[in-house]
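User: Hi, I've just opened this one and I'm new to it. Can you walk me through what stands out?

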Amino acid sequence: MGRRAARMAMGCRWSFLIGLLGAVWLVGSDHGGQQSPETAAQRCFCQVSGYLDDCTCDVETIDRFNNYKLFPRLQRLLESDYFRYYKVNLKRPCPFWSDINQCGRRDCAVKPCQSDEVPDGIKSASYKYSEEANNLMEECKQAEQLGAVDESLSEETQKAVLQWTKHDDSSDNFCEADDIQSPDAEYVDLLLNPERYTGYKGPDAWKIWNVIYEENCFKPQTIKRPLNPLASGRGKSDENTFYSWLEGLCVEKRAFYRLISGLHASINVHLSARYLLQDTWLEKKWGHNITEFQQRFDGILTEGEGPRRLKNLYFLYLIELRALSKVLPFFERSDFQLFTGNKVQDAENKMLLLEILHEIKSFPLHFDENSFFAGDKKEANKLKVKIIISSTFRVVEDFRLHFRNISRIMDCVGCFKCRLWGKLQTQGLGTALKILFSEKLIANMPESGPSYEFHLTRQEIVSLFNAFGRISTSVKELENFRNLLQNIH
């Protein structure tokens, strides 16, 4: 009996030891019933690190460069008179549907500038923001006289020639720009009308993005977009099918989708970072809304979509950063100035602008735009096509036309403040694309005097830098949200 009891005691001790070791293994390897807690920051950002798809750059390099080298100086530039005043027509009718529900909330409203608030140099009729302006206008008048349509031509032929001329005039542009000479166009102070949460949401806002994604991102109707609020019966199979389709696209069309997704993500970051937290008769308090950010980007709450969207934001950052590095020669010319009428400030702002552009030029891991159309040299040479033969669609022309269509959709936004920033940011991105597809024209610009082949209007310049300023702010705000979410589970 004594030996048997001893053996039983020994067996119990071994069982206890084995059980203890097993428990330790389960805890260490997260195979137990309770896994180690994951922070909200990890759920949003764990996949937003390392190298980006279709790029040789990593997220961490972008964060360091933007947040500590670029962001402070860029914000100072955008606060200057030249960049804070933007002329826009917010009364253009929607070209696609008429049943627009206008947002009646006061935060949706835009306060335009009074005439005496805008510097005379900016609103001057001579359009003098560089010394080449007067020469360029004179050349345009001569070209208009020489290029007048021969009235001896048939009416049909005259219309065709005018259409070709119109196409030439807009062939470099990726946006349908506002007619700033229209009596409905007004100057807006961007600093007094900041982009932030307005309360514009629900089906009307979803409709805008749904039309952009479903009809302008090269996606067939049979492919279901993940987390589409206007679609019924979403599932994991839709997500797998969508990303299989996306990876199968050529790099240009895949990049187009990622740019739009990145722009959408950036706007959502702004709305979450400048959210109306308190509204009383005494004051309005704006700040970071952690819950709103999580609903838009948490990996679990968005079924994995949130982190993908944030990575697309970084992709958009790289595209606009590359465009700014490419356009440096245009701004370096001695006769270019950021003209407002204040010579001292204009000179200081040009120096600051060039400092920023040279800093951008030094970025070590720029996006390689040569990957666009690299597989088909003939396609690359057709960026300036005048006529699309028959029903043959060229990728570049599709790229341009789809983006122009998106710029027109901005006139359908029911919130005027959202419309303002939507129009500005799409024009800014469109200007960045124009720059990237004009590399040879920029390289061949004269060092002084009018530049006929490549030119940027003041509207394009203001939208380009403010649009990049919005993306730069988004990247900076992501650092803030990382810190805020670090101790939240």
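User: Which residues touch the most other members of the largest nonpolar core?

Analyst: Phe331 and Phe465 do, out of the 116 residues in that core. Keep in mind that this is a predicted model.

User: What is Phe465 in contact with, leaving aside its neighbours within four places in sequence?

Analyst: Phe465 is in contact with Leu77, Leu78 and Phe83, with Leu324 and Phe331, and with Leu353 and Leu357. In soluble globular proteins, nonpolar side chains tend to be buried together.

User: You mentioned Cys113. Buried or exposed?

Analyst: Cys113 is buried, because its relative accessible area is 15% and the cut-off for buried is under 20%. Cys250 counts as partly exposed, at 32% relative accessibility.

User: On to disulfides. How many are found in the whole structure?

Analyst: Two disulfides turn up. Cys94 is joined to Cys412, with an S to S distance of 2.0 Å. That pair links distant parts of the chain, 318 residues apart. Cys94 sits in the loop between β1 (85–88) and α5 (120–123), while Cys412 is in the loop between α16 (395–409) and α17 (416–436). Both Cys94 and Cys412 are buried.

User: Why is the disulfide of Cys94 and Cys412 called right-handed?

Analyst: The torsion about the S-S bond is about 75°, so the disulfide of Cys94 and Cys412 is right-handed.

User: And which cysteines form the other disulfide?

Analyst: Cys103 and Cys108, with their sulfur atoms 2.0 Å apart. The link of Cys103 and Cys108 is right-handed as well, with 65° about the S-S bond. Cys103 counts as buried at 18% relative accessibility, and Cys108 counts as buried at 1%.

User: What pattern do the disulfides follow?

Analyst: Counting bonded cysteines along the chain, the pattern is 1-4, 2-3.

User: Switching to charges: how many salt bridges are there?

Analyst: The count comes to 16 salt bridges. One of them brings together the side chains of Asp411 and Arg92, at 3.5 Å from N to O. Asp411 is in the loop between α16 and α17, and Arg92 is in the loop between β1 and α5, 319 residues apart. Cys412 and Cys94 were placed in those loops too.

User: Is Asp411 buried or exposed?

Analyst: Asp411 counts as buried, because its relative accessibility is 3%.

User: OK, what about Asp279 and Arg106, what do their side chains do?

Analyst: The side chains of Asp279 and Arg106 meet in a salt bridge, 3.2 Å from N to O. Asp279 lies in strand β3 (residues 275–279) and Arg106 in the loop between β1 and α5, so the pair ties together parts that are 173 residues apart in sequence. Asp279 is partly exposed, with a relative accessible area of 40%, and Arg106 is exposed, with 58%.

User: Which residue does Arg225 form a salt bridge with?

Analyst: Glu214, with the closest N and O atoms 3.2 Å apart. Arg225 lies in the loop between α8 (203–216) and α9 (236–248) and Glu214 in helix α8, so the pair ties together parts that are eleven residues apart in sequence. Both Arg225 and Glu214 are buried. Elsewhere, salt bridges that share partners join Arg92, Asp411 and Lys423 into one network.

User: Now pockets. How many residues line the second largest pocket?

Analyst: 45 residues line the second largest pocket, and Trp206, Trp209, His264, Asn268 and Arg296 lie nearest its centre. About 1200 Å³ of space lies in that pocket.

User: Which helix gives the largest share of the lining?

Analyst: α10 does, with eight residues. The elements that each supply at least two lining residues are α8, α10, α11 (290–297), α12 (305–326) and α17.

User: Let's stay with α10. Where is Ser266, and is it buried or exposed?

Analyst: Ser266 is found in helix α10, which covers residues 251–273. Ser266 counts as buried because its relative accessibility is 0%. Leaving aside its neighbours within four places in sequence, Ser266 is in contact with Leu313, Arg470, Ile471 and Ser474.

Methods. Residues are numbered from 1 along each chain as its sequence is written. This is a predicted model: local features need pLDDT of at least 70, side-chain atom pairs count only at pLDDT 80 or more; totals for chains, interfaces and linings use all residues. Side-chain values use heavy atoms; hydrogens and water are left out. Helices (H or I, at least four residues) and strands (E, at least two) are DSSP runs, numbered from the N terminus. Buried means under 20% relative accessible area, exposed over 50%, partly exposed in between (1.4 Å probe, protein chains only). Contact means heavy atoms within 4.5 Å. A disulfide is a pair of cysteine sulfur atoms within 2.5 Å. A salt bridge is a side-chain nitrogen of Lys or Arg within 4 Å of a carboxyl oxygen of Asp or Glu. A nonpolar core is a set of buried Ala, Val, Leu, Ile, Met, Phe, Trp, Tyr and Cys residues joined through side-chain atoms within 4.5 Å. On a 1 Å grid over the protein atoms alone, a cavity is a set of points where a 1.4 Å probe fits but cannot get out, and a pocket is an open set with protein on both sides within 12 Å along at least five of seven lines; lining residues have an atom within 4 Å of a point. Grid points are joined across faces, edges and corners, and a volume is the space filled by probe spheres set on the points.
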